[in-house]
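Please read the briefing below alongside the sequence and the coordinates.

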Amino acid sequence: MGSATWERMTDDQETRIFKAGLLDAIRPLRAFAISLAGKPDRADDLVQETLTKAWAHRDSFQPGTNLRAWLFTILRNEYYSQLRKRGREIEDADGAIAAMVAVPPAQHAHVDMLDMRQALAKLPPDQREALLLVSASDMAYEDAARICGVAVGTIKSRVNRARRALAAMLAVKAASEFGPDAPSHAALSVPGES
Amino acid sequence: MTKAPTHPARHTPKNSDAVGAAVTARLKAYYDDIARQAVPDRFLNLLAQLDAASDPDGKPPGGGGKPSA
């Protein structure tokens, strides 16, 4: 069953455009949901809920405005609404990694993905979502600010804080990711030397 | 005297842009990997079901047009 069954002769132009927009948005929504929630199962449930709500409220979407931002707002609201219902979510980074349906890349790249997922999970949610919207999804600051319901300046400072925190966690160096680092220094120093 | 090891990620102002760019590049690589995954059938099926559940004239059974909460 593909997208062909999703189109109808009787749909008006706006409905066809809306439907095409929903279809196109699934991958970006999934990427945002998986990175935000950290757990693929939870993320896919979020996307399911988002698509269902988007379709139910399609009459309230203003044609010509930013559908992507509208959908991300629905998903984000659903994420926090579920968090409130579940109480404080304990970030189970190890469990999430175990449950991860991995696209089997090269060994090195796989380790990179684990580190990034762990690091993202350790960020506070407001920093994580700002970073994902602006730096990962390439959303404009203004759109990200509207989605999160805060000022543009707040988004900017959250993105900067998130980037610094991520850099520290991933031990990202300015010059190269393969340069000398703390473990080498530790190996060189002799414990107990006075 | 024991020399303390240097911190792995010392962010001096002149380095911060390069560090930020490196972090963003890694984040984008991670994110794009996920975004490239095929769309699960469940979502294609869902869209088809939602569409079919609407009335032939395109209006949902419960009445649409209400603003999102």
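In the counts that follow, Ala, Val, Leu, Ile, Met, Phe, Trp, Tyr, Cys and Pro are taken as nonpolar, Asp, Glu, Lys and Arg as charged, and the others, Gly among them, as polar. On that basis, the lining of the second largest cavity divides into six nonpolar, one polar and two charged residues. This is a predicted model, in which local features need pLDDT of at least 70 and side-chain atom pairs count only at pLDDT 80 or more, while totals for chains, interfaces and linings use all residues; side-chain values use heavy atoms, with hydrogens and water left out. Residues are numbered from 1 along each chain as its sequence is written, and chains are lettered from A and ligands numbered from 1 in the order in which they are written.

**The second largest cavity**

- A cavity here is a set of points, on a 1 Å grid over the protein atoms alone, where a 1.4 Å probe fits but cannot get out, and lining residues have an atom within 4 Å of a point.
- Grid points are joined across faces, edges and corners, and a volume is the space filled by probe spheres set on the points.
- By this rule there are three cavities of 30 Å³ or more, and the second largest cavity holds about 40 Å³ of space.
- The lining of the second largest cavity draws on both chains, with Ile26(A), Arg27(A) and Arg30(A) from one, and Ile34(B), Ala35(B), Gln37(B), Ala38(B), Val39(B) and Pro40(B) from the other.
- Helix H1 (13-37) of chain A and helix H1 (13-35) of chain B each supply at least two residues of this lining, and H1(A) gives the most, with three residues.

**The chains as a whole**

- Helices (H or I, at least four residues) and strands (E, at least two) are DSSP runs, numbered from the N terminus.
- Chain A has nine helices and zero strands, whereas chain B has two helices and zero strands.
- With buried meaning under 20% relative accessible area, exposed over 50% and partly exposed in between (1.4 Å probe, protein chains only), 42% of the 194 residues of chain A count as buried, and 30% of the 69 residues of chain B do.
- The accessible surface of chain B, from the Shrake-Rupley method with a 1.4 Å probe, comes to about 4,400 Å², of which 59% belongs to carbon and sulfur atoms.

**Helix H1 of chain A**

- The expected span of a helix is 1.5 Å times one less than its number of residues; H1(A), with 25 residues, reaches 35 Å from its first C-alpha to its last, close to the 36 Å expected.
- Taking the bend at a residue as the angle between axes fitted to the seven residues ending there and the seven starting there, H1(A) has a kink of about 40 degrees at Ile26(A), shortly before the proline Pro28(A).
- Ile26(A) is also one of the residues that line the second largest cavity.
- Ile34(A), which lies in H1 of chain A, is buried because its relative accessible area is 4%; its C-alpha is 9.5 Å from that of Arg117(A), 83 residues apart in sequence.
- H1(A) is followed by Gly38(A), whose phi is positive, near 80 degrees.

- Lys53(A), in helix H2 (residues 40-56) of chain A, counts as partly exposed because its relative accessibility is 30%, and its C-alpha is separated by 9.2 Å from that of Leu75(A), 22 residues apart along the chain.
- Pro63(A) is found in the loop between H2 and helix H3 (67-86) of chain A, and the C-alpha atoms of Pro63(A) and Lys85(A), 22 residues apart along the chain, are separated by 32 Å.
- Pro63(A) counts as partly exposed, at 42% relative accessibility.

**Around helix H6 of chain A**

- Asp126(A) lies in helix H6 of chain A and is partly exposed, with a relative accessible area of 26%; Asp126(A) and Arg158(A) are 32 residues apart in sequence and 7.2 Å apart in space, C-alpha to C-alpha.
- Asp138(A), in the loop between helix H6 (125-136) and helix H7 (141-148) of chain A, counts as exposed because its relative accessibility is 54%.
- Most residues other than glycine have a negative phi.
- Asp138(A) has a positive phi, near 60 degrees, in a residue other than glycine.

Terms used: 1 Å grid on protein atoms, 1.4 Å probe; cavity = no way out; pocket = protein on both sides within 12 Å on 5 of 7 lines; lining within 4 Å.
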